[in-house]
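This report goes through a few parts of one protein chain. Please look at the sequence and the structure before reading on.

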Amino acid sequence: MTSADIPAVDSLERRLFPVDAWPLQMFHDELAQTDTRSYYVAVDPAGTVIGYAGLMCVLPIADVQTIAVVPEKEGAGIGSRLLATLVDEAKQRGAEDVLLEVRDDNPRAQRLYRWFGFEQIHVRPRYYRDGASALIMRLPLAGWSGAPTAGTATETKEQ
């Protein structure tokens with residue numbers, strides 16, 4: 001992700017997360033912290049941003065800050081590729097674990113994270129503005145050898 005991508009990412013953020021959308025300035029602030037942050041976009045053949053993801057890495061922990069894919073492209077493997085990119089980045093930076101928060105009412109995302117090997121370690125009650133709770137999930141990187149492949153889980157077809 002570059003600063004040129006931020007208007008498209010911000011528009012997508014507001015569309016996908018109307019209650020919890022990040023302020024526009026937050027994307028600029030995050031991109032400016034190159035020592036601890038990495039942000040990526042997925043674009044279609046026309047160059048339109050169709051997904052984005054960000055990672056914060058402060059050793060020994062990496063944290064998925066955000067990950068999103070436009071609904072009309074869900075199931076095409078874009079979220080999986082973005083997540084794999086973040087996990088690979090965390091491993092390259094020397095993190096021991098990757099953490100993330102996921103809404104307790106988002107089973108599709110939870111399946112993706114479990115497929116990657118994330119395990120729920122905690123719940124943050126009423127974490128989101130609308131009262132939904134957050135599941136805290138962790139992926140130990142000691143055994144990470146890359147993203148799972150389509151034949152490794154039954155959830156694959158639902159992603």
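A residue is called buried when its relative accessible area is under 20%, exposed when over 50%, and partly exposed in between. The model discussed here is predicted.

Arg126 has a relative accessible area of 63%, so it counts as exposed. Its place is the loop between strand S5 (119-124) and S6. The phi of Arg126 is positive, near 50°, although the residue is not a glycine.

Arg37 is found in strand S1 (residues 37-43). With a relative accessible area of 13%, Arg37 is buried. Its side chain makes a polar contact of 2.6 Å with the side chain of Thr36. Beyond the neighbours within four places in sequence, Arg37 is in contact with Glu30, Leu55, Met56 and Arg93.

Val19 sits in the loop that runs between helix H1 (6-16) and helix H2 (24-32).

| Residue | Relative accessibility | Class |
|---|---|---|
| Arg126 | 63% | exposed |
| Val19 | 40% | partly exposed |
| Arg37 | 13% | buried |

Which residues of helix H4 (residues 107-116) are buried? They are Ala109, Gln110, Leu112, Tyr113, Trp115 and Phe116. These buried residues pack against strand S3 (61-69), helix H3 (78-92), strand S4 (97-103) and strand S6 (134-140). After H4 comes Gly117, with a positive phi near 110°.

The largest nonpolar core has 43 residues. Those that touch the most other members are Val64, Leu83, Val98, Tyr113, Phe116, Phe118 and Leu141. Helix H3 gives the most to this core, with 7 residues. Tyr113 and Phe116 are also among the buried residues of H4.

What does Val98 touch, not counting residues up to four places away in sequence? The list is Ala62, Val64, Ala90, Phe118, Met137, Arg138, Leu139 and Leu141.

**A cis peptide bond**

Leu59 and Pro60 are joined by a cis peptide bond, with omega about 15°. Pro60 lies in the loop between strand S2 (49-58) and S3.

Terms used: Residues numbered from 1 in each chain as written. Predicted model: local features only at pLDDT ≥ 70, side-chain atom pairs only at ≥ 80, totals over all residues. Heavy atoms only, no water. Helix = DSSP H or I, 4+ residues; strand = E, 2+ residues; numbered from the N terminus. Buried < 20%, exposed > 50% of the residue type's maximum accessible area, 1.4 Å probe, protein only. Contact = heavy atoms within 4.5 Å. Core = buried A, V, L, I, M, F, W, Y, C linked by side-chain atoms within 4.5 Å. Polar contact = N/O pair within 3.5 Å; in protein donor to acceptor, adjacent residues only side chain to side chain.
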